[in-house]
Amino acid sequence: MRHSVARFVLALTLCSVVARGQSTSPALPPLAVIRAGTLIDGVSDAPRKNQLIFVRGEHIEKVTDASAPIPVGMKVIDLSNATVLPGLTDAHTHIFLWGEDPAKGGYDVNILKAGIALRAARATFAARRALEQGFTTIRDLETEGAGYGDIEIKQAIEEGTIPGPRIFGATRAISTTGGYDLEGYAPELDMPKGAQLVDGPVEARKAARQQLEHGADWIKVYMTHRSWVDKQGNLVSQPTLTVEELKAIVDETHGWQKKVACHAYNGIGLQRALDGGCDSIEHGLEITDAQIAQMQRQGTWYCPTLTPYYGDWADADTPKGKRDRARAAVHEISFKKALQAHLKIVFGTDIGGIPWTEPIAQEFDHMVKLGMSPMDAIQSATSRSAEMLDMKGEIGTIAPGAFAEVIAVSGDPLKNIGELEHVRFVMHNGSVFKNELAK
Ligand SMILES: [Zn+2]
């Protein structure tokens, strides 16, 4: 029975192939050409002047000098007075977070007061915000109690229902008992949690399996949780999963050919993240020299997220205020060390933790102020993050065969990195989403 059905399906397929072959050649997707005054292609170390980018359908077909002939009647997008770059990637976002403003109830109201439809509406706004600022790809590192909502927002974007970037979603994230909010409520209350909490390698592996089954592109693990300053003035962070628990998650996730992102501030938790085989360290506020060497050996990605640690400091003489200052101070040192050691640094902001109304590109400014060259900073958000996401050559570059994800700014971001806060043109998968440079 099954065989005859298979044969019937095969016959139908062959018929349609023959039918298509007989018809006149199918219409190729329309071709457009972008005139780029200056092109930063995401891979090369130097910009090129006066280039033409030929776009067919969703992809870049070729890139040539401006002297190449443009066929008559072809749609020309004139960005000859602009700097053109590949679409950017923010490798650490939270579309389901809404700023965590303490005056508005902080983190907890997200879960306690906002229903899932309101949270989805806000995530829709966040997705649009990313795209209009030229971030055509995001790695969204957990939904903070909104379950598998990231995968559904991604589906809505892919089917064209709402505008938004390409999303790599991590779904629910994993931590341990005592390792995630909501916290501080009466112990007899069974509070909802912003992550999936597990204890023991068996539960850890099961959580990874559940999340992968429901579409997680990455697995996000919290390896540290609370942080404070001890009597000696050192930043301390509470470790969460054991090496055995993390190894079960990493082993399971790698089996699915996916990767594990580890939130880790410093100390024991960061060490366990590295010993357990994490693929990317998130935040990594305080990394020792030995840990930097281990990251080099293991090829671990480093996603520093500087921006959130420079705003909203509590008063200097309070425990929270001391912690806030200590976090920024050690983060700067670690970032500079990582730069010197040529760790694989990718651009990430933790936006959502800061309001989505703020510019995502402000992270570039922090990176450059701490000694990263503007071109290196741009590559951390283009070709380097593409490599981390196993999309090398497909995104984060302006080259033949890549997705046509193209942005433009009026000025020169190599002279003033702040230009990237004012993206004036966005093409996503070959379609123009925004063009404020049209003549
Ligand atoms: Zn985060």
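The buried residues of helix H10 pack against strand E5, strand E6 (135-140), helix H9 (319-340), strand E16 and helix H11 (374-380). The model described here is predicted. Its zinc ion has His 92, His 94 and Asp 350 as protein donors, and a disulfide joins Cys 262 and Cys 278.

**Helix H10 and what follows**

- The buried residues in H10 are Gln 362, Glu 363, Phe 364, His 366 and Met 367.
- After H10 comes Gly 371, which has a positive phi near 110°.

**The zinc site**

**Thr 89 in strand E5**

- Strand E5, one of the elements against which the buried residues of H10 pack, contains Thr 89.
- Thr 89 has a relative accessible area of 1%, and therefore counts as buried.
- Apart from neighbours within four places in sequence, the contacts of Thr 89 are Phe 135, Thr 137, Phe 347, Ala 381, Ser 385, Leu 389 and Ile 395.

**The cysteines**

- The model has one disulfide, in which the sulfur atoms of Cys 262 and Cys 278 are 1.7 Å apart.
- Cys 262 belongs to strand E13 (residues 259-264), and Cys 278 to the loop between helix H7 (267-275) and strand E14 (280-283), so this pair ties together parts that are 16 residues apart in sequence.
- The disulfide of Cys 262 and Cys 278 is right-handed, because the torsion about its S-S bond is about 80°.
- Cys 262 and Cys 278 are both buried.
- Cys 303 has its closest cysteine sulfur in Cys 278, at 12 Å from its own sulfur, which is too far for a bond, given that a disulfide requires sulfur atoms within 2.5 Å.
- Cys 303 is buried as well, because its relative accessibility is 0%.

Note on methods. Residues numbered from 1 in each chain as written. Predicted model: local features only at pLDDT ≥ 70, side-chain atom pairs only at ≥ 80, totals over all residues. Heavy atoms only, no water. Donors = N, O, S within 2.8 Å, 3.2 Å for Na, K, Ca; no water. Helix = DSSP H or I, 4+ residues; strand = E, 2+ residues; numbered from the N terminus. Buried < 20%, exposed > 50% of the residue type's maximum accessible area, 1.4 Å probe, protein only. Contact = heavy atoms within 4.5 Å.
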